[in-house]
Amino acid sequence: MAGTERLGTDDETRGGGPSVLPRQGQFDATVTDLPLMRVERIWNFWQHSAVNVGLAIATWAFLQGAAVAYYVGVKQAIAAMIIGYGISVLLVALAPCMPSVKHGIEQFVGIRSTFGERGARIFMILVSTLLAAAWSAVLAIMFGHGLVTVINNVFGVAMPETGVAASLLGLIAIVVSWAILARGPVSVEAVCRAIAPLLILIVVGIIVIVFSRNSWSELTALVPLGGESDDPHLNFMLAVELNLAGGFAWWPNLGNLARLAKTPRAAFWPNWIGVFAASVAAAAVGVLAALSLQVEEPTQWMIPLAGVVLGVIALIVVCLANITAILSQGYASMVALKGGGGALLRRAAWPLLGLVILGPAAVLVFFPEAVYENYGRFVSWGAIVLAPLCAVQFVDYFILRHRHISVRALYQPIGESPYTYWRGINLAAFAAVAAGAGTYALLLNPLSYEPAPLFRYTTASLPAFAVAAAAHYLLTRLVVEPRGLGGYGLRPVAGSSSRMQS
Amino acid sequence: MDAQILQDQLEQRIKFLESSNSAEHLVGDLPARDIVACVLALTLMTAVLLWWAY
């Protein structure tokens, strides 16, 4: 077999089965949707943490901080971020990450057990590629804005930040990201590891500068960017919702990163160091900077805060951090496409897959009003689908399946697999997601961002999660299981953690 | 990548995972105490923050 080598007989190998696992460098399963063996996992706790921090402390965290600062002041912003991110990061660190790390499965392959093969493909295309392209465009536009500011200050010119120059620089960010991604996940990890410490330094630097110029009481007295509100409680709940949505936005990325971790703890806890603590810290810095300067645009903070020289250096690092964030989520989406995109994409070369993800982003950078200038609503659009999706996956894996999935069944064709449901689609799971999404839209209008009266007590993401979870549980117990669909009766055979029987 | 190589690899990997020593190829479950610790810490932190920020 090309690319593999027989390593030993059944008795000689640790697994007890016929061993044709490849030697390192001959067959890289991390760039396929194949289940990874334990020996193939490449990230320990600290390596996963470095990637996670690199992913978290990008300018999207600063954007998040600025969006929150629009509604509330410093103290309520910090509370809203910790509460909102804490709840949603806990859920996304469990639902997609735990099945992926346990079985080494790509996360969209994993949700075939919940949604069916065709259903998983629908979500993969909707969630992974569209959102990845949109987020990449946001980051690339920020990269363009930042670099225009750098050029203006270094060369004494006055290019407009929102002009064609910024879009062209954003396009360069996309091209560079594609060139690095084409080399695979090891290069992603190396770039993130180099940038993460510099980003932490910048975050700490901004905190020091802001606090050296303002006392705590002065900072807490600052009014939100949107001005004083008649209903501060509603504004606080909107800020919590923004952060819940921000946390759920990590759903498409985290499972495939956790898949590369060596232990369940190395898959779970780095999310708390990265997408929780680092995100909250960076967003809190964004809140402090935005409120103290009364400026919402993050690329306009660095030079007023740190002076031209340090400000330009900080901006360059932040621009590079945007690249690391594009890389991390680009990798996750490419693995997803490889696994769930059908025969055509399965055969596609790794660089071509990068083009599928980043190609739409290269177009979107020329339309910044579509995503970048409507950040709050854009995050909310993601949460409408992602919160219920996370709920259905959580209930299915942890409650209905008791953390057992048949890896063989995930890869069996429609008709043969117990996860076939109705022609490859679990209509019950889709109905549950729709119920959750409808709940969200009733509580917080995704177009006008107008909240319903009940929103001030519940937020929108949490009821959407709860409704989707309850709907999936009930529909599965009442409709799916009685028809013998979904393999919910399968349990592991004694002595094997993965072989299943009724 | 050759589809046949991928198919062969998949078959071999599933055999490993379904073998009697599959635990050596799988990563285990996250201990329940880790999840409980997270939930408790989050609940406590939320209560403290709501008291502090209001």
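Predicted model: local features only at pLDDT ≥ 70, side-chain atom pairs only at ≥ 80, totals over all residues.
**Figure 1. Chain B, a chain with 2 helices and 0 strands.** Along the principal axes, the C-alpha atoms of chain B fill a box of roughly 60 × 30 × 10 Å.

**Figure 2. Chain A, with 22 helices and 2 strands.** Here the globule rule and the model agree: for 502 residues a compact globule would have a radius of gyration near 23 Å, and chain A has 23 Å. The box filled by the C-alpha atoms of chain A, taken along the principal axes, is roughly 65 × 50 × 35 Å.

**Figure 3. Where domain 1 of chain A touches domain 2 of chain A.** Domain 1 covers residues 1-31 of chain A, and domain 2 covers 32-501. Their C-alpha centres lie 34 Å apart. If you look for the place where they touch, you will find 5 residues of domain 1 in contact with 11 residues of domain 2. On the domain 1 side, the touching residues divide into 3 nonpolar, 1 polar and 1 charged.

**Figure 4. Helix 3 of chain A passing helix 13 of chain A.** Helix 3 spans residues 74-94 and helix 13 spans residues 264-293 of chain A. Their axes come within 10 Å and cross at roughly 155°; the two helices are therefore roughly antiparallel to each other. The crossing is right-handed. Helix 3 brings residues including Val74(A), Ile78(A), Met81(A), Tyr85(A), Gly86(A) and Val89(A) to the contact. From helix 13, the partners include Phe268(A), Asn271(A), Trp272(A), Phe276(A), Ser279(A), Val287(A) and Leu291(A). Sorted by class, the residues of this contact are 18 nonpolar, 3 polar and no charged.

**Figure 5. Helix 20 of chain A packed with helix 22 of chain A.** This view takes in residues 427-443 (helix 20) and residues 461-480 (helix 22) of chain A. The axes are 8 Å apart and the packing angle is about 155°. Angles over 145 degrees count as roughly antiparallel, and helix 20 and helix 22 are therefore roughly antiparallel to each other. Helix 20 passes helix 22 in a right-handed crossing. On the helix 20 side, look for alanines, among them Ala428(A), Ala429(A), Ala431(A), Ala432(A), Ala435(A) and Ala437(A), along with residues such as Gly436(A), Thr439(A), Tyr440(A) and Leu443(A). Helix 22 meets them with residues including Ser461(A), Pro463(A), Phe465(A), Ala468(A), Ala471(A), His472(A), Leu475(A) and Val479(A). By class, this contact has 18 nonpolar and 5 polar residues, with no charged ones.

Technical notes: Residues numbered from 1 in each chain as written. Chains lettered and ligands numbered in written order. Axes fitted to C-alpha atoms, helices over the stretch in contact; angles between N-to-C directions. Helix = DSSP H or I, 4+ residues; strand = E, 2+ residues; numbered from the N terminus. Parallel < 35°, antiparallel > 145°, perpendicular 65-115°, else oblique. Left-handed = near helix turned anticlockwise from the far one by under 90°. Contact = placed C-beta atoms within 7 Å. Nonpolar A, V, L, I, M, F, W, Y, C, P; charged D, E, K, R; others polar. Domains from an automatic or database assignment. Rg over C-alpha atoms; globule rule 2.2 N^0.38 Å.
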